[in-house]
Amino acid sequence: MAQQSVAEPILKLTGIHKRFPGVRALSGVDFRLFPGEVHALMGENGAGKSTLIKVLTGVYSIDDGTVEMEGKRLVVHSPQEAQAAGISTVYQEVNLCPNLSVAENIYIGREPRRLGRIQWKEMNRRAEKLLEERLHLRVDVTLPLSEYPVAIQQLVAIARAIDIQARVLILDEPTSSLDRGEVARLFEVVRKLRGEGMAILFVTHFIDQVYEVSDRITILRGGELIGEYKASELPRLELVSRMIGKELTMLEELPKTAGQMRASDNQAAIVEASGLGRKGAIEPFNLSIGRGEVIGLAGLLGSGRTELARLLYGADRADQGKLHIEGAGKNGVHSPRGAIDAGLAFCPENRKTEGIIEDLTVRENIVVALQATRGWFKTISRKRQNEIADEYIKMLNIHPPNPEQLVKNLSGGNQQKVILGRWLLTQPKLLILDEPTRGIDIGAKAEIQRLVLTLSREEGMSVLYVSSELEEVLRVSDRIAVLRDRVKVEEIGKSEMDEQRIMKAIAGGEGA
């Protein structure tokens, strides 16, 4: 646990403001980090976690506020300056050189030299000693870093931070690519460093891990500080409530559209997953989706919602379990192309990089999936393309209603509608929507939700609806699968669905 005898924080941020054009990323945020503690930084997407880390590490300058290190004003303009000041960061994607040896990665830029020449044996000896004495890790330090799994690479990054005399260690999503055994090994090292007096800032979205290793928790939401708490005094359910901004005593009455309009609870399953899973992505799960049914996926950022959707669509390959999709044949679905042929469509979470094709027009973006299913030698005539584009622009209320407008010039909500139009044109049996309303205005959100219900109830299309907005999931879903820390923990039918039950499932653990 944190060393309570230490009265003063080693790192103190006061009134931090950071603005970008049209966005207030941080607004008056305070933060304290003490020696000999693990302090978790929590918040959903857009909460300001990444911005705060980049302020600490000199990637961003601050617009207002102060940063103090050991009671002295600290101003850093680059990660190198932050490192020189004693602040080192280990990122989710290890920022080392995989083609260099373990020893080279630890001492790069600081190699022991004699008469200008690198002393390779001495460097290897130092690396072995550092890893064994400080991290209890025995590896061949002469091998390339790429020869080792991500967990070992993370420990090498930590060893480098230790050897440059870091007093503050920032762990930014260090466990997102690790399995349980690797996480346990990393946490052993974290506890050892904490016991030696190092101050550790732990950024994560895994609730169970927060309570396993953290002493205190700071919560951000929408760029603002919600509060700082002792981990032992903050129930899990309250943590979830504060992260998503929902008070259990003020739950609004949501429309029961989905439950009232559902024709039958005994629809034939068009998708059936049995023990389906992928190591490092999501634990094995069971899930069936009936014809005309809307299944909601609820959970916090990093809970495994997107990973589950990608397995069903074949964007990622499962390494365990079975997946049956109606019409896919006995070999099943192993790729997005196979999924499209089987009648599946996928609107990804990141529409900028995985959805729209920025330099194509609205018309071209809408027809591209249909053209792909026909093959490039059976081209859709320009006249037919125009008819299709006009039809879907009108149906989805896309603005401006110009099929020759470049899609990159549309608002986020209208870009999302273009992607929806692209996949609706293929008339899928199952439409997978991953955060379909993120970053769009209220009016566009309502239109998309209304469209989902119409497709399900009137046209018999099945929908897998992934969203971090609980009201949204409740409003459109017939059943809700709840995920926590890459595990499907509960499935809730329409007669039992309410926000409090979902939040309890998300929080999990005793005392929730």
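Visitor: Which residue stands opposite Asp172 in β10?

Guide: Val203 in β10 stands opposite Asp172. Keep in mind that this is a predicted model. As a general idea, strands of a sheet pair through backbone hydrogen bonds, either parallel or antiparallel. Here strand β9 (residues 168-172) and strand β10 (residues 199-203) run parallel and are joined by five bridges.

Visitor: What is the order of the strands in the open sheet that six strands form?

Guide: The order is β6-β9-β10-β3-β11-β12, and the pairing is mixed. At the edges are β6 (87-90) and β12 (224-230), each of which pairs on one side only. From one strand to the next, the twist averages 20 degrees.

Visitor: Which strands does helix α5 touch as it packs on the sheet?

Guide: Helix α5 (residues 150-163) touches β6 and β9, and its direction makes about 175 degrees with that of β6. Helix α6 (residues 180-195) lies across β3 (37-42), β9 and β10. The angle between α6 and β10 is about 145 degrees.

Visitor: Now a strand on its own. How many of the five residues of strand β18 are buried?

Guide: Five of the five residues in β18 (residues 430-434) are buried, and the strand is described as mostly covered. To read its two sides, start from a general idea: in a regular strand the side chains alternate between the two faces of the sheet. In β18, one side carries Leu430, Ile432 and Asp434, the other carries Leu431 and Leu433, and all are buried.

Visitor: In what sense do β17 and β18 pair, and over how many bridges?

Guide: Strand β17 (residues 344-347) pairs with β18 in the parallel sense, over four bridges.

Visitor: Let us turn to a helix. Which residues of α1 are buried?

Guide: The general idea for a helix is that an α-helix has 3.6 residues a turn, so residues three or four places apart point the same way. In α1, the buried residues are Lys49, Thr51, Leu52, Ile53, Val55 and Leu56. That is six of its eight residues, and α1 is mostly covered. After α1 comes Gly58, with a positive phi near 80 degrees.

Visitor: Where is Thr57 placed?

Guide: Thr57 is in the loop between α1 (49-56) and β4 (64-69).

Visitor: Why does Thr57 count as buried?

Guide: Thr57 counts as buried because its relative accessibility is 2%, and the cut-off for buried is under 20%. A polar atom of the Thr57 side chain lies 2.9 Å from the backbone oxygen of Ile53. Leaving aside neighbours within four places in sequence, Thr57 is in contact with Val76, Ser78, Pro79, Ala82, Thr89, Tyr91 and Ile170.

Visitor: Which loop holds Asp485?

Guide: Asp485 lies in the loop between β20 (479-484) and β21 (487-493). Asp485 is not a glycine, yet its phi is positive, about 50 degrees. Arg486 lies in the loop between β20 and β21. Phi of Arg486 is also positive, near 70 degrees, and Arg486 is a residue other than glycine. Asp485 counts as buried at 16% relative accessibility, and Arg486 is buried with a relative accessible area of 12%.

Visitor: How many disulfides does a search of the whole structure find?

Guide: The search finds zero disulfides.

Visitor: Last, the whole protein. How many helices and strands make up its secondary structure?

Guide: There are 18 helices and 21 strands. Of the 512 residues in the protein, 51% are buried. Among contacts between residues at least 6 apart in sequence, 67% join residues at least 24 apart. The accessible surface comes to about 23,200 Å², and 47% of that surface belongs to carbon and sulfur atoms.

Conventions: Residues numbered from 1 in each chain as written. Heavy atoms only, no water. Disulfide = S-S within 2.5 Å. Helix = DSSP H or I, 4+ residues; strand = E, 2+ residues; numbered from the N terminus. Buried < 20%, exposed > 50% of the residue type's maximum accessible area, 1.4 Å probe, protein only. Polar contact = N/O pair within 3.5 Å; in protein donor to acceptor, adjacent residues only side chain to side chain. Contact = heavy atoms within 4.5 Å. Areas by Shrake-Rupley, 256 points an atom, 1.4 Å probe, with all protein chains shown as cover. Pairing = 2+ DSSP bridges. Axes fitted to C-alpha atoms, helices over the stretch in contact; angles between N-to-C directions.
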